[in-house]
Amino acid sequence: MKNHNWKSNYLSTLQSEIDKIKDEGHYRVFNNIERKAGQFPKATRHSGNGQTEEIDVWCSNDYLGMSQNKNVISAMQSAAEKLGAGSGGTRNISGTTNFHIQLEKEIALLHKKERALAFNSGYSANESALKSIISAFDNCLVLSDELNHASLIEGIRTSKKEKAIYRHNDVKHLKDILKGVDFMRPKIIVLESVYSMEADFAPLEDIIQVAQDNGALIYLDEVHAVGLYGPNAAGVADQRGLAEHIDIINGTLAKAFGLAGGYIASTETIIDFVRSFSKGFIFTTSMCPAVAAGSLESIRQVKKSNEIRSTFFENVDFVKKELRSAGIPFLDSGSHIIPVLIGDSKLCKEISDFLLNEHQVYVQPINYPTVPKGTERIRITPTPCHDPESTEKFVDALKDAWFKFMPQLSKFENQFTNKTKAV
Ligand SMILES: *Cc1c(COP(=O)(O)O)cnc(C)c1O
């Protein structure tokens, strides 16, 4: 036995990486939050030592509160009672139920595409589908927005093809990159329709034009838009009547639809290809039948319920109006997400802790690597369930924090305005 084998020391290697992020202030602390079905945004916070308190959640991606919808819950219960808890296998080996098939049909219908494919998460849909599609084309060039989500970046990276990153939403930069690239070379533009941390929209019309002029496919992540935008609640491409120009649409069942899982919707051939070649689809147990049944019910409800979406957007506007009159600056790009820039990870965490401990309102600090260093923020997500009273309470709390931490905040002002464009 050797004394100095690497295993004698490996834990300290890992610990020093952890200590580094602690020093930098972006060590992640998970708040133990138990949401109360039927009472969203109310939740019970377990604050340690067996203590609990009631709080209001202001940072959930359950944008429409569909995770607590009665019909969704009963669809899940009835599916679990009929079929059991787990699916029992991969899609290929005994794990395909009628709920999976119906769900995929419903998703295809939602996006007016020929076919759809469900994954266990939006993350794995992006990673697996992109990797397999890009890998299929020799010499493929990937054009990727610089603020793309980690799941898109991983899918692109693991395809091992050449990628070019264009500045966020900068169509001119995208065009410059494409100058001189052979029209016949395979290309794919990868972007999001609503950027979840910047809260802004992609210039879809212009991107489609660039794709047509240069012979590129478009892969669009509509994760933060599905269920919310468009007459069919299918996202931004639906809202602008552009869905037919998008080759592959990706979405999640976990945010506005309130369940778990992700998907792509596209042509028959692309779906058949991904279904047949994508390892992240093939070699994993399919989603629980109850999740498929609940998602199916949720999509159907959201599609026909214009009221829930109009209440949602009214509440978003009300929060923005209240923030403005409280003098709290935020990025307003017209979407439903409201980022308040802080510009420093430690301060971001301090403000979040202050809001939770002193005011019982919960917004999680958003730090690196979710956003670039120096652009740390809190990200507010109103829902149809946040009534005017809870909004006023929240804005008062934020105002209290804002003016308390103001002297420290101003130090970081110039830092973030250079990095993030407030629109
Ligand atoms: C959350 C998110 C995903 C992943 O979706 P999940 O269903 O939560 O795995 C993908 N893309 C973007 C832009 C996201 O914000």
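**Figure 1. Lining of the second largest pocket in the predicted model.** By class, nine nonpolar, seven polar and one charged residues make up the lining of the second largest pocket. The model shown here and in the following figures is predicted. The space in this second largest pocket comes to about 300 Å³. Of the 17 residues that line the pocket, L64, G65, Q68, N69 and C385 lie nearest its centre. Helices α2 and α11 each contribute at least two residues to this lining.

**Figure 2. The largest cavity and its lining.** The count of cavities of 30 Å³ or more comes to one. About 90 Å³ of space lies in the largest cavity. Its lining is formed by R91, H100, A118, F119, N120, S124, G280, F281, T284, T285, S286 and M287. Divided by class, the lining of the largest cavity holds four nonpolar, seven polar and one charged residues.

**Figure 3. Surroundings of S124, a residue of the cavity lining.** S124 is one of the residues that line the largest cavity, and S124 lies in helix α4 (residues 122–135). Is S124 buried or exposed? With a relative accessibility of 17%, S124 counts as buried, because the limit for a buried residue is under 20%. When residues up to four places away in sequence are not counted, S124 touches F119 and A129.

Figure 4. Which residues surround I189, leaving aside its neighbours within four places in sequence? I189 is in contact with L143, Y166, L174, I207, V210, A211, A216, L217, I218 and Y219.

**Figure 5. Aromatic pairing around Y63 and F312.** Nine aromatic pairs are present in the structure. In the pair formed by Y63 and F312, the ring centres are 6.4 Å apart and the planes stand at 55°, so the pair is tilted. This pair links distant parts of the chain, 249 residues apart: Y63 is in the loop between β3 (52–57) and α2 (70–83), and F312 is in helix α12 (residues 306–326). Both Y63 and F312 are buried. Ring pairs join Y63, F201, Y229, F312 and F313 into a cluster.

**Figure 6. H245 and its contacts.** H245 is located in the loop between α8 (236–239) and β9 (248–252). The relative accessible area of H245 is 31%, so H245 is partly exposed. Apart from its neighbours within four places in sequence, H245 is in contact with I208, Q212 and I218. Among these, I218 is also in contact with I189. H245 and P41 are separated by 204 residues in sequence and by 37 Å in space, C-alpha to C-alpha.

Figure 7. The peptide bond from F40 to P41 is cis, and its omega is near 10°. P41 occupies the loop between β1 (32–35) and β2 (42–46). The peptide bond from Y368 to P369 is also cis, with omega near 5°. P369 occupies the loop between β13 (365–366) and β14 (377–380).

Figure 8. K160, a residue other than glycine, has a positive phi near 60°. K160 sits in the loop between α5 (150–159) and β6 (162–166). Because its relative accessible area is 73%, K160 is exposed. Q360, likewise a residue other than glycine, has a positive phi near 60°. The loop between α13 (345–359) and β12 (361–362) contains Q360. Q360 has a relative accessibility of 23% and therefore counts as partly exposed.

Terms used:
Residues numbered from 1 in each chain as written. Predicted model: local features only at pLDDT ≥ 70, side-chain atom pairs only at ≥ 80, totals over all residues. Heavy atoms only, no water. Contact = heavy atoms within 4.5 Å. 1 Å grid on protein atoms, 1.4 Å probe; cavity = no way out; pocket = protein on both sides within 12 Å on 5 of 7 lines; lining within 4 Å. Points joined across faces, edges and corners; volume = space filled by probe spheres on them. Nonpolar A, V, L, I, M, F, W, Y, C, P; charged D, E, K, R; others polar. Phe/Tyr/Trp six-rings, centres within 6.5 Å; stacked < 30°, edge-to-face > 60°. Helix = DSSP H or I, 4+ residues; strand = E, 2+ residues; numbered from the N terminus. Buried < 20%, exposed > 50% of the residue type's maximum accessible area, 1.4 Å probe, protein only.
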